[in-house]
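Here is a walk through one protein model, piece by piece. Keep the sequence and the 3D view open while you read.

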Amino acid sequence: MKIVIRDLEIWYNSIKALSNISLEIVDGELTFVIGPNGAGKSTLLKAISLIVPPKWGVIYIDGRDVKLYSVRELAKTIAYVAPHISRSIPSTVLDYLMTARYPYTSFLQFKEDKTDLEVIDKVSRQMNIIHLLNRRLDQLSSGELQRVVIARALTQQPKIILLDEPSAFLDLRYRLEILEHIKNITRTENLITIIAIHDLYLASLYADKIILLSNGSIAACGNVEEVLKEEVIERIYGVRVELLEVKGKRIILPVEPLTLSTPQQNT
Ligand SMILES: Nc1ncnc2c1ncn2[C@@H]1O[C@H](COP(=O)(O)OP(=O)(O)OP(=O)(O)O)[C@@H](O)[C@H]1O
Ligand SMILES: [Mg+2]
């Protein structure tokens with residue numbers, strides 16, 4: 001499986017959110033999208049999952065324009081997790097996870113089958129949410145809800161997983177554990193996983209590839225060593241940083257803002 005993006009340009013009315021985006025993302029790799037607020041990270045994930053339409057350009061999945069995929073095909077192929085999750089859905093965690101199995105059910109199947117329950121059981125163990133299955137979504141803590149939402153994406157058994165800020169509410173242990181797990185299944189099941197994230201340390205720990213966006217364009221793209229460089233991060237984020245190597249891990253330490261930050265102008 002492969003995603004190929006050619007000359008993508010996305011506008012929201014008069015605001016240009018992405019331009020000149022050309023990329024190739026292969027399976028088995030964990031890709032992180034980083035960049036300042038407003039750089040276009042969320043828009044890129046939404047474009048791949050067809051939530052926002054391109055003004056120009058094409059996104060191919062396995063050589064086929066995504067626009068040609070049926071709704072059912074897309075649901076089996078892509079799982080997208082938004083950064084803000086609505087708690088107001090009046091459902092238990094189990095019922096919520098079940099909704100991810102709809103693409104696999106037939107018209108005559110009204111109840112979950114054995115495979116559905118096996119998948120939910122496996123994913124719930126991996127995300128450590130077994131004890132939450134009968135709770136309502138509005139009764140969960142922020143981090144528990146985040147694990148449930150990631151679990152729903154995995155329950156969908158997609159080929160492509162798009163996660164927008166998946167670690168924002170997770171505690172130290174779950175940040176590492178869940179990203180570690182996602183990296184493992186990306187490798188072993190040959191998935192394409194793309195994660196938008198602000199935490200450069202997590203990106204440095206787990207990324208096979210990093211796409212750095214700035215003002216709606218690609219400022220750098222490559223492996224950790226190629227993208228997480230002092231001069232690149234300082235220039236794009238406007239922050240003086242120090243690069244530390246601790247036990248072979250790359251840590252970008254923000255020291256001070258270089259200039260007063262100004263909002264990004266994408267138009
Ligand atoms: N629904 C929308 N309507 C109008 N403009 C939008 C909309 N969504 C995003 N934008 C604009 O598009 C640009 C890219 O936004 P996007 O949300 O992709 O950035 P981001 O990199 O995800 O930022 P953040 O780090 O804050 O999440 C920004 O200038 C933003 O203001
Ligand atoms: Mg965003």
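In the hairpin made by strand 11 and strand 12, 2 residues sit between the strands, and K247 takes a positive phi near 50°. This is a predicted model, where local features need pLDDT of at least 70, side-chain atom pairs count only at pLDDT 80 or more, and totals for chains, interfaces and linings use all residues. Residues are numbered from 1 along each chain as its sequence is written, chains are lettered from A and ligands numbered from 1 in the order in which they are written, and side-chain values use heavy atoms, leaving out hydrogens and water.

Helices (H or I, at least four residues) and strands (E, at least two) are DSSP runs, numbered from the N terminus. Two strands pair if DSSP finds at least two bridges between them. Strands of a sheet pair through backbone hydrogen bonds, either parallel or antiparallel.

| Strands | Bridges | Residues standing opposite |
|---|---|---|
| Strand 1 (residues 2–12) and strand 2 (residues 15–26) | 8 bridges | I3 and I25 |
| Strand 9 (residues 209–214) and strand 10 | 5 bridges | L212 and A220 |
| Strand 11 (residues 239–246) and strand 12 (residues 249–257) | 8 bridges | E245 and R250 |

Strand 1 and strand 2 also form a hairpin with 2 residues between them, and N13 in that turn has a positive phi of about 50°. Further along this pair, I5 has L23 in strand 2 as its bridge partner.

These two strands belong to an open sheet of 4 strands, in the order 2-1-4-5, with antiparallel pairing. Strand 2 and strand 5 (64–65) each have a single partner strand, so one side of each is left without a neighbour in the sheet. Helix 1 (residues 41–48) packs on this sheet and touches strand 1, strand 2 and strand 4 (56–61), where contact means heavy atoms within 4.5 Å. The direction of helix 1 makes about 120° with that of strand 1; axes are lines fitted to C-alpha atoms, for helices over the stretch in contact, and angles run from 0 to 180 degrees between N-to-C directions.

Now for another open sheet: 6 strands in the order 6-7-8-3-9-10, with mixed pairing. Its edges are strand 6 (78–81) and strand 10 (217–222), each with a single partner strand, so one side of each has no neighbour in the sheet. On average, neighbouring strands here are turned by 15° against each other, direction ignored. Helix 6 (residues 172–188) packs on the sheet and touches strand 3 (29–34), strand 7 (160–164) and strand 8 (192–196). Its direction makes about 130° with that of strand 3.

How do helix 5 and helix 6 pack, and at what angle? Helix 5 (residues 142–155) and helix 6 pack at about 5°, with their axes 12 Å apart. They are therefore roughly parallel to each other (angles under 35 degrees count as roughly parallel). R147, I150 and L154 in helix 5 meet Y174, I178, H181, I182 and I185 in helix 6. That contact divides into 6 nonpolar, 1 polar and 1 charged residues. Ala, Val, Leu, Ile, Met, Phe, Trp, Tyr, Cys and Pro count as nonpolar, Asp, Glu, Lys and Arg as charged, and the others, Gly among them, as polar.

Key: Angles under 35 degrees count as roughly parallel, over 145 as roughly antiparallel, 65 to 115 as roughly perpendicular and the rest as oblique.
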